Amino acid sequence: MTTNPGILIRGARLAATLTERGSDTLAAEPVDLRIADGRIVERGTGLEARADERVIDAAGLIALTGLVDLHTHLREPGFEQSETVLTGTRAAAAGGFTSVFAMANTLPVQDTAGVVEQVQALGDAGGYATVRPIGAVTEDLAGEKLSEIGAMAQSRAQVRVFSDDGKCVHDPLLMRRALEYVKTFGGVIAQHAQDPRLTEGAQMNEGTLSSELGLKGWPAVAEESIIARDVLLAEHTGSRLHICHLSTAGSVEVVRWAKARGVQVTAEVTPHHLILTEELVRSYDARYKVNPPLRREEDVQALRRAVAEGVIDIIATDHAPHPIEAKECEWDAAAFGMVGLESALPIALLTLIAEGHISWAELEQLLSQRPAQIGGLSDHPSVLDAGQVADLVLVDPAGSSTFDLARLQGLSENSPYLGMELPGRIVHTVRRGYLTVADGELIDAAQVAAAAHAAGAVQGGVR
Ligand SMILES: NC(=O)N[C@@H](CC(=O)O)C(=O)O
Ligand SMILES: [Zn+2]
Ligand SMILES: [Zn+2]
């Protein structure tokens, strides 16, 4: 049986020990981590390298448990010209992610055990990240009939997160039944909170700017009213509800209220809603067209505060690749969505750490620990210490660089950050004890697939 070579990481500072808000990255003592057979086997200082061990000099780098994205669109099956499981997980690894949850709006839709098992198998074979498929709440995302939720939960893919993302589960009775159903096995419904009647034909945030530009607006209340209804349904059923891509100050207040009542609700924000505003729509550059729309500066600030206060639980990318034809066209005709896996950590550093809203320890909670817990990701490392699965990322917090096309590893180029100076560089990503990114470069696909195979063999199956 082949095994992957061991790794010795020397002199990394652990994000979990950087608990002061702001960017003081030297406040913790550097430690060494030894990795063998897919796990961290030793943590200490001055560890000696063994024969065959690859030594990584992590001086100046910060180590976090592998990032987990609860909201990724991998597009396969059905839209392979935009992204595939392989290309999307390469983008994920480049961004420091070791696990991604794949949204259900594929073709065919991920609404049966067969499709979710296929998506997960593609992820396992590629080896760049653990892929956990999200199941559709309703058949074909049509909002009319519950999908085979139980069959997907019991399948090899063990689906725990269900969402009609891209569409809102609008029928309150269906939403209630879905919440009741997932409660029986500890699952969660992730709602794309958006009243379809209030947003018909909408093109951007509703406000003075949408009137000025003559574009149909998308009112904040369309999001807030669904969140308000659903937290009440979650309270009534005693089930877990997760709110996808929260985007308005009002939504924060509804979630805050629900949490104070003890409702089991969690909320996510995307990096782009933490930095970009509707003003960008003036350019008519469709890279800024996204669902939910970019909002006002007041909303951006409220979302950052909500992260700092813990009202928002996680950052999720909503990585939404689209081909050039779908973006290089008139605003009204363009597709909604932006890619985000490679830029998520840099944007979080820029908007949250550099601004003093959160600490590195809190960042690890937002981008790794909490999404893993919400998604029911078994054997995700809770800390970087002996006995834990070796899923981790080493980040260089110093300096900044131009975010250019070469940074994008997926098939689509619809990033709003091209040309921007962004802080932070993902230097090494380790998944299940093997490197997917080394010295800032992706490891090639054949090597990663072989390493994944070896890791699976050693651990008797990846999960
Ligand atoms: N975010 C987007 O603008 N688009 C997503 C759907 C979604 O997340 O609602 C997509 O699938 O393209
Ligand atoms: Zn959505
Ligand atoms: Zn989405």
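Hi everyone, let's start with P77, which sits in the loop between β6 and α1. Those labels come from DSSP runs numbered from the N terminus, where helices are H or I with at least four residues and strands are E with at least two. P77 is joined to E76 by a cis peptide bond, with omega at about 5°.

Before going on, a word about what we are looking at. This is a predicted model, in which local features need pLDDT of at least 70, side-chain atom pairs count only at pLDDT 80 or more, and totals for chains, interfaces and linings use all residues. Residues are numbered from 1 along each chain as its sequence is written, while chains are lettered from A and ligands numbered from 1 in the order in which they are written.

Back to our loop. R75 is also in the loop between β6 and α1. R75 is not a glycine, yet it has a positive phi of about 70°. Is R75 buried or exposed? It counts as buried, because it has 27 C-beta neighbours inside 10 Å. The rule is that 20 or more other C-beta atoms within 10 Å of a residue's own make it buried, 12 or fewer make it exposed, and anything in between is partly exposed, with C-beta atoms placed from the backbone.

Q158 lies in the loop between α3 (149–154) and β9. With 18 other C-beta atoms within 10 Å, Q158 is partly exposed. There is another cis peptide bond to find too, from N291 to P292, with omega near -5°. P292 is in the loop between β14 and α8.

Now for the annotated residues. Which positions does UniProt give for the feature "binding site"? The unreviewed entry lists H71, H73, D165 and D318. These four span 248 residues in sequence, yet no two of their C-alpha atoms are more than 9.8 Å apart, so they gather at one spot.

Let's visit two of them. H71 lies in strand β6, and H71 counts as buried with 29 C-beta neighbours inside 10 Å. Leaving aside neighbours within four places in sequence, the contacts of H71 include F101, E268 and D318. By contact I mean that two C-beta atoms, placed from the backbone, lie within 7 Å. H73 is in the loop between β6 and α1 (85–94), and H73 is buried as well, with 26 C-beta neighbours inside 10 Å. Not counting residues up to four places away in sequence, H73 touches M103, N105, H319, A320 and P321.

What surrounds ligand 1? Among the residues around it are H73, D165, N291 and D318. To be listed, a residue needs its C-beta atom, placed from the backbone, within 6 Å of the ligand. The shell has three nonpolar, six polar and two charged residues. Here Ala, Val, Leu, Ile, Met, Phe, Trp, Tyr, Cys and Pro count as nonpolar, Asp, Glu, Lys and Arg as charged, and the others, Gly among them, as polar.

Next, a sheet. Find the open sheet of five strands, in the order β9-β10-β13-β14-β15, with parallel pairing. β9 (161–162) and β15 stand at the edges with a single partner strand each, so one side of each is left without a neighbour in the sheet. Strands count as paired if DSSP finds at least two bridges between them. Strand β14 (residues 265–269) and β15 run parallel and are joined by two bridges. In that pair, V269 stands opposite I315 in β15.

Last stop: helix α9. How many residues of α9 (residues 344–353) are buried? Ten of the ten are, so the helix is largely enclosed by the rest of the structure. Its buried residues include A344, P346, T351 and I353. They pack against several elements, among them β6 (67–72), α8 (297–309) and α10 (360–375). And β6 brings us back to H71, which lies in that strand.

Note on methods
UniProt positions are given in the numbering used here, feature names are shortened, and annotations may be inferred rather than shown by experiment.
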